[in-house]
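Student: I would like to learn how to read a protein structure feature by feature. Please begin with the terms that I shall need.

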Protein chains: 2
Amino acid sequence: MTSEQIIASLEELVAAGDTPGKVLTDPADLETYGKDWTKIHAPRPLAVVLPKTTEQVQALVRFANDHQVALVPSGGRTGLSAGAVAANGEVVVAFDNMNRIVDFNASDRTVRCQAGVITEQLQNFAEENDLYYPVDFASAGSSQLGGNLSTNAGGIKVIRYGMSRDWVAGLKVVTGKGDVLDLNKDLAKNNTGYDLRHLFIGAEGTLGFITEATMKLTRQPDDLTVLVLGLNDLTNTMDVLKAFQKKLDLTAYEFFSHQAMGHVLAHGQVQAPFDTEAPYYALLEFEAVSDQVMDDAMELFEHCMEEGWVLDGVISQSETQARNLWQLREGISESIAPRTPYKNDISVVVSRVPGFLQEIEDVVTRHYPDFEIIWFGHIGDGNLHLNILKPEAMEKEEFFGKCEQVNKWVFEIVQRYEGSVSAEHGVGMTKKPYLQYTRSEAEIAYLRGIKQVFDPNGIMNPGKLLD
Amino acid sequence: MTSEQIIASLEELVAAGDTPGKVLTDPADLETYGKDWTKIHAPRPLAVVLPKTTEQVQALVRFANDHQVALVPSGGRTGLSAGAVAANGEVVVAFDNMNRIVDFNASDRTVRCQAGVITEQLQNFAEENDLYYPVDFASAGSSQLGGNLSTNAGGIKVIRYGMSRDWVAGLKVVTGKGDVLDLNKDLAKNNTGYDLRHLFIGAEGTLGFITEATMKLTRQPDDLTVLVLGLNDLTNTMDVLKAFQKKLDLTAYEFFSHQAMGHVLAHGQVQAPFDTEAPYYALLEFEAVSDQVMDDAMELFEHCMEEGWVLDGVISQSETQARNLWQLREGISESIAPRTPYKNDISVVVSRVPGFLQEIEDVVTRHYPDFEIIWFGHIGDGNLHLNILKPEAMEKEEFFGKCEQVNKWVFEIVQRYEGSVSAEHGVGMTKKPYLQYTRSEAEIAYLRGIKQVFDPNGIMNPGKLLD
C-alpha cells in the first residue's frame, strides 16, 4: 500500500459510527504529535489518528495487522524516555479526543475514564465529588491517563498512595492482535488467573492500547502540613525517615540538595525556609488531623535536632505556607531548565540511597569537575532525579557527548546497587540500550515471549522497550 | 523412566549441596501432601519432595522438563479450589523446609522470606520488630507465603491494606522452563518493562515456583476499635459504608446474616452484641487514635440511626471487647463446619452486593426451600462467602448433587453481575469449569499463550486453572 492509500484507509476507518474520529497529516501536526519531552528524535510520522471510540481503535489495529503498519500510542507526550516518539513513518494514535469521564460510582468510589483524560481533569473531578485522586506530578496538567498507566507513573505521593498501578480497578484494552479485553471488571477481589491488567500497566503501549480505565478514588486528605528540614548529612535522610515513619503516615518525603534550592531561590518567587544553610533538605508532608499528630510531629522534630541529624527546620502554619514550601521542591525543574540539563531518573532500595548517590557524585565530579550536579527526588521511595547542568562555556554537542559517558557510569552503579535504570518514565528508546542493567537476559527473553503473544506482528510501538 | 527411577533421581537431585532436601514416599505422607482443604479428590502423588534451596527447586524443574514429570507446588494446603491437589501421580514440591526469614531491613521495612514461611510467622516477626504485616485470614496459622501469593490471598483487612499482591517488593521464582528470575529487586519504583512479579502472583503455580518473596511491612495500627451494627436491610450496608468512609479510614468492613450469628451464639463462647434483633450485621474496625476520631465515629453512628439504616449497635471499649466482637464474625466457619456446608467464594463490585446477594438467595430458596443459607464476608470489598448447610435428613450425595446445580445458578448470576467466580481462593480444579463466567474466551486464549511462554512443556501444576 502507498502512503496515500494508507491515509485514505485510516480516514475511512475512523469515519465509521456515530462519532467519527479524525486523521491529521498537516506537517505542524505531524511535528507536534511525533515527539515527547525528550525532543532528541526528529519526528516523522506518516499520519496522526484521533479516534473517538474503542471500536475505531480496534479497527485501526486490525488494519495495521493486515498491512503491517506500525502504530505509536500517544498521550500527553510528557515522557522523558522517547516512548511516544514516531520517527520512522509510523501512524500515531493520539487519545486527545477520547477524553471523557464515562461513569462515576460514589459508593464504589470509582470513576471510568477514557484514556485521553488529563491527570488534572481526573483530580478535579474527584475533588468536585468530595474525593481524591492521589497520583500527582509536575506534568499533571497535560499528561493523560493512558500514558500514566502505560508508564505506571509515580510522582510525589508514592510513599503513602503508591503508583498509578495501585489505583486501577479495571482496564479496557485493544491488544496488538486486535482483541478488545475488559480486564478485572473493576473488582476489588478477583483471583481468576493471570492478572493481565498488571501486564498492560507499564507496557508503554507495546502490547496494545489502553482505551479506558476505571480508577479508584479515596477520601480527601485533611490538613496537609509540610515540614522542611535542613540535614547535616545524606545518611540523616534515612534516620529522619525511619523516626517519622514509626509514628506518622507520611504523605510525601522528598529531598533536594543545597545547589538545587539555590536555583529555585535565584529564580525568585519563593523564600529560603530558614537562615541556617544545610547541604541537603528534606520535605515531609502529613495529615495533621489532631493536636496529637502535631504534638508527635514536633516531638519527632526535636528528637531529630537532638540527635544532630537536623540543623534547622520549619513547619507550615497555613495552606499557603505549605504551598510555598512545596515550591522549594517543585520549582527545581523549571529553575534549571534554561541550563540545558542532562536528566536521569533512577531508583534503588530506599536504604541504599545515600551510598548510591555519593558514588555517582564522586565519579562525575572526578572526571568532570566543572559539571554542576543537581540532586532532588522522591527519596521516600528511592527515586532520585539526577540533573547535570551544562557549563555555560561548553558547546551542547560536547556536553551531550560527555553525558553519554556519564550515562554508562550511572547505569553501572545502578546495576551494582541492584537499582532501576528507569524509576518512572519507562524504557522507550532512551533507556532501551541499558535495559539489561536492571533486567537479566533471561527476564528479557520472557518479555519478548509475552510481546509475541499479544503483538505477534510487531505493529505496536516498535523499537520501544524491546528490539 | 519407571517410578522407581524417578524417585531415585529426585533423591539424588535434592541431596546435592550443603543443605540436602528430602523425598517422601510413605503412603501417609502421600495422603497428607496430596490434597488441600477441598478434600474431594483422592490424593495420589508419586512422591513428595521437600527442597531446601532455590537451586534444588531449579534442578527439579529441569529434571521434570527432561522427563516430562508433572510437578505440583504445595504450601499450607489451606486452599478451597483444589489448586494444590496431586491426584494423578504427580511429584509434589512442598516448601515446609524452606521456611526461613532470610533478611530484614528496618529502614526499608522489608523482610525477605522463603516461600514456606507461615503467614503467622511473618505477622509475629513483624510485631517483634515493632512493625505490621496486615494480610490476615482464618488460616494464618498454617497457610504459607508462597501459597498466599500464588492465590493473591486477601482476607479481612483488604479494605484498608489491599491484597497480598500489594505487599510484595520482590520475588525470586523458578520458571516452568527452569530459569531463576529475581523480579523487581525489591524496588519501590521500577518502570523497566512488563512487571513479571504481578504475573506470578495469583498464577497458582502454573508458571513456575515462587521460592522467595520480599514483603513490605508497615507501622502497627493504634487502638483498633470495633463497631458492630444491626442493619435494617441489606442495602443499608452500602449507606453505612459510604457514610463512614467519608470520614474514617476503616481497617475492616465485614458483614454477616442473622442466621450466621445464630450459629456462632449456639456454639457458645461468645455473647450477642445487643438485644435488638436485625436481619444483617456489619462489623467496622478503625484506628481510634484520638478523641476526634471517636467523636466522629459516634456522630456517624447516630447519623446512621437517625436515617433508619441501623437498629442498634455497640462499640468496643477495650481490646478484649474488640476481640470478642470479632469472634462474632470469625467464629462463623467453625460453628457451621459440622453441618457439611457447601462453600462458595465470589465477588462483585461493592455497590452491587445487595442485589447480587438477593438474587442468589431467591433462586436457591425457590428451588430448595429446605436449604439453610448462611451469608458472611468482606462486604467492604465485594467478597461474599456463600455457605449452604445440608439439611440433617438429606444424604451427602443428594446434597452435593443439588449443590452442583446451585453452582450453575450462582455462576450465571456472577456472570450477569460481572463478578468473579473466585474472589480469593483461585481457580484450581474446582472453579476451572466456570472460568469463562469471569474471563472471556479471548482473555483465556491469552492466558494460554502466557502459560506457553513460561512452561512450554506443561510440567507446572497441570490441570489447574487451564486445561
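Tutor: We start with burial: a residue is buried under 20% relative accessible area, exposed over 50%, and partly exposed in between, using a 1.4 Å probe and protein chains only. This is a predicted model, in which local features need pLDDT of at least 70 and side-chain atom pairs count only at pLDDT 80 or more, while totals for chains, interfaces and linings use all residues. Residues are numbered from 1 along each chain as its sequence is written, chains are lettered from A and ligands numbered from 1 in the order in which they are written, and side-chain values use heavy atoms, without hydrogens or water.

Student: Is A:Ser318 buried, exposed or partly exposed?

Tutor: A:Ser318 counts as partly exposed, because its relative accessibility is 36%. This residue sits in the loop between strand 15 (310-315) and helix 11 of chain A. Helices (H or I, at least four residues) and strands (E, at least two) are DSSP runs, numbered from the N terminus. Between the C-alpha atoms of A:Ser318 and A:His258 there are 25 Å, with 60 residues separating the two along the chain.

Student: Which class does A:Glu306 belong to?

Tutor: A:Glu306 is exposed, because its relative accessibility is 69%. Its place is helix 10 of chain A, which covers residues 291-306.

Student: What do strand residues look like by this scale?

Tutor: Consider one from each chain. A:Val168 belongs to strand 8 of chain A, residues 168-175, and its relative accessible area of 1% makes it buried. The C-alpha atom of A:Val168 is 9.0 Å from that of A:Ile201, 33 residues apart along the chain. In chain B, B:Leu171 belongs to strand 8, residues 168-175, and is buried at 3% relative accessibility. The C-alpha atoms of B:Leu171 and B:Pro45 are separated by 28 Å, and the two are 126 residues apart along the chain.

Student: How should I read a salt bridge, and how many are there in the whole structure?

Tutor: Side chains of opposite charge can pair when their charged atoms come close. Here a salt bridge is a side-chain nitrogen of Lys or Arg within 4 Å of a carboxyl oxygen of Asp or Glu. Over all chains, the search finds 43 salt bridges.

Student: What does the salt bridge of A:Asp195 and B:Arg165 join?

Tutor: The closest N and O atoms of A:Asp195 and B:Arg165 are 3.5 Å apart. A:Asp195 is in the loop between strand 9 (180-183) and helix 7 (196-200) of chain A, and B:Arg165 is in the loop between helix 6 (158-161) and strand 8 of chain B, so this pair joins two chains. Both A:Asp195 and B:Arg165 are buried.

Student: Where do A:Arg329 and A:Glu254 lie?

Tutor: These two form a salt bridge whose closest N and O atoms are 2.7 Å apart. A:Arg329 lies in helix 11 (residues 319-330) and A:Glu254 in strand 13 (residues 250-257), both of chain A, so the pair ties together parts that are 75 residues apart in sequence. A:Arg329 is buried at a relative accessible area of 7%, and A:Glu254 is buried at 2%.

Student: Please give a case within chain B.

Tutor: B:Glu285 and B:Lys157 form a salt bridge, with 2.6 Å between the closest N and O atoms. B:Glu285 is in strand 14 (residues 280-287) of chain B and B:Lys157 in the loop between helix 5 (145-150) and helix 6 of chain B, so parts that are 128 residues apart in sequence are tied together. B:Glu285 is buried at 3% relative accessibility, and B:Lys157 is buried at 7%. Salt bridges can also share partners: A:Arg160, A:Arg219, A:Glu287 and B:Asp249 are joined into one network in this way.

Student: What is the value of phi for B:Asp130 and B:Asn152?

Tutor: For B:Asp130, phi is near 60°, a positive value in a residue other than glycine. B:Asp130 lies in the loop between helix 4 (119-128) and strand 7 (131-132) of chain B, and is partly exposed with a relative accessible area of 47%. B:Asn152 is not a glycine either, and its phi is positive at about 50°. B:Asn152 is in the loop between helix 5 and helix 6 of chain B, and is buried with a relative accessible area of 4%.
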